Amino acid sequence: MAKGTNKRAARGRGAARGRSPEPVTASVDGGLAELVPDRDRPRGWTLLLDGKPQSHVDLDDPAYLDFEYQRRFGHLADLVAPPGRPLHAVHLGGGAFTLARYIAATRPRSTQQIIEVDAPLVQFVRSALPLDPGDRIRVRGADARAGLAKVPDGWADLIVADVFSGARTPAHLTSVEFLAEVRRALRPDGWYAANLADGPPLAHLKAQIATARAVFAEVCLTADPALLRGRRFGNAVLLAADRDLPLADLTRRAAGDPHPARVEHGRALADFTGGAAPVTDATAAPSPAPPPAVFT
């Protein structure tokens with residue numbers, strides 16, 4: 001990392017000593033990374049890549065989740081096991097390590113792995129927004145699928161996929177072969193959660209639901225009703241497992257969230273999918289690029 005970036009990072013962290021924080025920037029493999037201070041939270045930061053918001057973290061309160069999709073991931077992390085029980089969690093995609101910090105705060109003694117291919121981004125985030133050394137979070141520089149292949153069989157309680165390259169999920173992370181690798185690394189009662197971005201006509205989202213249904217016994221989807229009706233581009237969170245899902249609790253949390261959402265499951269989800277075919281490595285394609293208006 002350039003020396004100039006390190007100096008800016010030091011000034012950004014100066015808020016803890018009473019000075020106003022400043023944006024911090026660095027060139028990373030994915031483009032220009034920027035950490036912008038949250039004026040409402042003294043040690044809150046938003047990570048942007050090429051001007052597109054990626055994640056938010058509050059170093060003083062890592063249990064605070066700001067972004068809509070991150071809050072939905074938080075609901076899942078709260079429900080995957082009894083409250084407070086430590087987890088084994090794998091995060092495919094790093095960002096600002098928001099969900100890993102959340103799990104460390106809400107489930108102490110959890111053991112977590114973050115797999116992120118963009119090594120300069122990892123260095124940038126770790127320098128500007130350090131992890132607590134006691135949080136048992138290991139960050140590995142690797143492609144998500146290659147890194148997942150090194151996770152032992154049946155190790156994870158929760159695997160979270162939140163991987164975007166140029167605002168698109170890479171094709172090799174969308175197939176039944178990829179999800180078979182996810183299932184291998186999960187405990188028999190473990191959960192897989194994925195952040196899926198799509199817009200009208202929702203072909204990618206429907207195909208991803210069909211793909212998950214081809215691998216896992218139970219699948220549900222949490223999303224803004226306007227997204228499900230094909231009225232806008234946005235994020236949906238898919239949950240898959242080989243055990244019953246806590247649909248009542250998840251529905252209640254989604255409906256009562258500051259960003260209300262609907263949970264689809266069973267016949268309604270099958271009808272929504274509309275006969276879409278599962279994706280294989282041979283047919284896989286990246287998720288669609290968001291329209292420019294999403295970021296304006």
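Select T273, a residue of helix α10 (residues 266-273). Helices here are DSSP runs of H or I, at least four residues long, strands are runs of E of at least two, and both are numbered from the N terminus. This is a predicted model, in which local features need pLDDT of at least 70 and side-chain atom pairs count only at pLDDT 80 or more, while totals for chains, interfaces and linings use all residues. Residues are numbered from 1 along each chain as its sequence is written, and side-chain values use heavy atoms, with hydrogens and water left out.

**Stay on T273.** Its relative accessibility is 6%, so T273 counts as buried. Buried means under 20% relative accessible area, exposed means over 50%, and partly exposed lies in between (1.4 Å probe, protein chains only). Now show the side chain of T273. It reaches the backbone oxygen of L269 at 2.8 Å. A polar contact is a pair of N or O atoms within 3.5 Å; within protein, one must be able to donate a hydrogen and the other to accept it, and residues adjacent in sequence count only if both atoms are side-chain atoms. Beyond its neighbours within four places in sequence, T273 is in contact with K206, I209 and A210. Contact means heavy atoms within 4.5 Å.

Select A289 in the segment after α10. Is A289 buried, partly exposed or exposed? A289 is partly exposed, because its relative accessibility is 46%. Leaving aside neighbours within four places in sequence, it is in contact with R168 and F233. A167 is in the loop between β8 and α6 (176-185). At 18% relative accessibility, A167 counts as buried. Check its backbone too: phi of A167 is near 70°, a positive value in a residue other than glycine.

**Move to L158.** This residue is in strand β8 (residues 156-161). L158 has 1% relative accessibility, so it counts as buried. Which residues does L158 touch, leaving aside neighbours within four places in sequence? Its contacts are A77, H88, A89, V90, I103, L186 and W191. Then pick V28. L158 and V28 are 130 residues apart in sequence and 28 Å apart in space, C-alpha to C-alpha.

**Follow I103 into helix α3.** Colour residues 98-106. Seven of the nine residues of α3 are buried, so the helix is largely enclosed by the rest of the structure. The buried residues are T98, L99, A100, R101, Y102, I103 and A104.

**Two backbone stops.** Go to R136, in the loop between α4 (119-128) and β7 (137-141). Phi of R136 is near 60°, a positive value in a residue other than glycine. R136 counts as partly exposed, because its relative accessibility is 46%. Then select P200 and P201. The peptide bond from P200 to P201 is cis, with omega near 10°. P201 is in the loop between β9 (186-198) and α7 (203-215).

**Zoom out.** The protein has 10 helices and 12 strands. Its C-alpha atoms fill a box of roughly 55 × 40 × 40 Å, taken along the principal axes. Of its 296 residues, 49% count as buried. Among contacts between residues at least 6 apart in sequence, 68% join residues at least 24 apart.
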